[in-house]
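Biologist: I'm new to reading protein models. Could you walk me through a few features?

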Amino acid sequence: MRAAVDLDEAPPATGQDANARTTPAPRPSAGAQQPHPDPAPAPTPRAADRKPATPARRGAADPVKALMHRHRELCERAVDPLEIAAGLEAHGVTDRTAARFRHRDVFSLAEEMYARVPRDDVAPAHADPVTEPAPRATWAVLALLPGVLCAATVTGVRLTDGRLRLTVAVVGVLAVALGVRVALRRGPLSSPPGTHAWRTPPGTRLWTYWLLAYALLGDGLLRAADDGGPDGLPTGLAGGLWPTATAPVLALTVACAPAAWCAHHFAVRARRKLATSRGLEDFADSVQPLLLGTFALFVCALTALLALSGAVLGELAAYAQGITLGALLLLARLLTVHGFTHAPTVALGAAAVTEATALAVDLIGRLPGCGFLATPVETVLESVGPGGIPALACGAAALILLFHTTRTLTRASAHAPADEPR
C-alpha cells in the first residue's frame, strides 16, 4: 500500500524525466564541479614541489668536501696533515676561516681533509717529518770547505810576494768562491730540490760578491780616497798601499759551518713545533723565540770567530762590520732557503748601493766646488772610522730583514714542502 501511495503522490513524469530515467546520465567531465564529491586520496605532489632528499648545494651540507675539491692537488700530494695545514695557510686559510668549516683551527681541518683522501694501503710509508736525521757528514764537510780554502789562500798570500802573490790571491779568491757555491748547493743552506724558481737570483749573488769584496778592500780604499783623492788611487792600486782586511773575510767563510748547523737546527725544531701546535697563532708564538735564539747563537759564534781570526792574523777583528755583514747574509740565506727571494735581494742591494754611494760621494767631494757632498761620509770617518760605513749599511739592512724574517718564517706555510706555494 505504501508503494501505491508514493506513486499517487509523485508528480506526473514529463517526457524529459522519462528520458532521464531511461537514459544513463553522462559522466561528469574532469572540470565539472560536483555538489557532493566523494572523498579522494590526497594528490601526489609534483616533482617540482617535492623536497629533495639531499640539499641542492652540497657545499652547504659538507663544506670540508667543497674545500677538498678546491685544493684537490694539495690533498693528494700531502704525505701528512701538516703539509695540508701549511698549504691552507699559504692560501689564506686562518683559524677564523677554519671555524666556518666547523673546526677549531687549521690543523684540525687539515687532519680531517687528510683522513678523507683515499689512499693506497700498499703505498710506501713516508719518513716521519718530526724525527729528521742528524746532520750528515757530507754537508758538514762541505760547510767547512770555504773556511779551509780561505785560510789556505791567506797563508799563501802571506808567504809569497810579487807576481806569485798576485797569482795566489787570484786563484785563492776563485777557489773560495767555488767552495762557497758548493757549500750552498748541499745541506741546510741549499734550496730544496726541484725548485728552479727558488734558486738564488743573480742579483743576490752580485750584491753578495760586492759586500764581501768591500769587506776585504773597502776600508783601505775609502781611507786612501779620503787621504789622496782621485790622484792617489792609481798609486794605491799599483803599489797596494792600503791594507786588506783579511780577518773578517776569513771569519765569514769559516762561519759557513755554524750557519749551516743553525739553519738545520731551526728547520728541525720548527717542524717539530708544527707537529705539536694546535693553531697558527700558537705555532707563530712558539717559532719566533726559536728563530731569535738561532740568530743570536750564530752571532755569538761569528763573534768568537772574528776574535780568533784577528788574534791569529794579528789584525783588528772588525767586529762591527763583520757581525752586521754576517747577520745580513744569514738572514738572507734563511729566507732564500724557505723560498722567499725578493726581500734578501732588496736588502743586500740596499747595503751594497749604500757602500758604493759612500765611496763615490767621497771621491766626488774632492773635486772643486763639490766638497759639501762628502760631508756626511767625512763625519762618519772622523767619528767611527772607515768601518762605520759598512757597519751602518749592513746593520740597517739586517735589522729590517730581521723584522721581516720574524713575520715570514713564523708562518706554517714557510715550512711547507718544496712543491707547495709560499
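Biologist: Let's start with one side chain: does Arg-158 count as buried, partly exposed or exposed?

Modeller: Keep in mind that this is a predicted model. To sort residues, we look at relative accessible area: under 20% is buried, over 50% is exposed, and partly exposed is in between. Arg-158 comes out at 44%, so it counts as partly exposed.

Biologist: Which side chain does Arg-158 meet in a salt bridge?

Modeller: For a salt bridge, you look for a side-chain nitrogen of Lys or Arg within 4 Å of a carboxyl oxygen of Asp or Glu. Here Arg-158 pairs with Glu-315, at 3.0 Å from N to O. Arg-158 sits in helix α9 and Glu-315 in the loop between α15 and α16, so the pair ties together parts 157 residues apart in sequence. Glu-315 is partly exposed too, because its relative accessibility is 24%. By the way, the structure holds one salt bridge.

Biologist: And helix α15, what span should its 34 residues have?

Modeller: Count 1.5 Å a residue, and you expect 50 Å for residues 280–313; the end C-alpha atoms are 49 Å apart, which agrees. Just after α15 comes Gly-314, with a positive phi of about 70 degrees.

Biologist: Which residues make the nonpolar surface patch?

Modeller: Ile-364, Leu-367, Phe-372 and Leu-373 make it, and it covers about 370 Å². Look for Phe-372 in the loop between α17 and α18. With a relative accessible area of 58%, Phe-372 is exposed.

Biologist: Where does Pro-243 lie?

Modeller: In the loop between α12 and α13. Pro-243 is exposed, at 56% relative accessibility.

Note on methods
Residues numbered from 1 in each chain as written. Predicted model: local features only at pLDDT ≥ 70, side-chain atom pairs only at ≥ 80, totals over all residues. Heavy atoms only, no water. Helix = DSSP H or I, 4+ residues; strand = E, 2+ residues; numbered from the N terminus. Expected span 1.5 Å × (residues − 1). Buried < 20%, exposed > 50% of the residue type's maximum accessible area, 1.4 Å probe, protein only. Patch = residues over 30% accessible without salt bridge, like charges linked within 9 Å, V, L, I, M, F, W, Y side chains within 5 Å. Areas by Shrake-Rupley, 256 points an atom, 1.4 Å probe, with all protein chains shown as cover.
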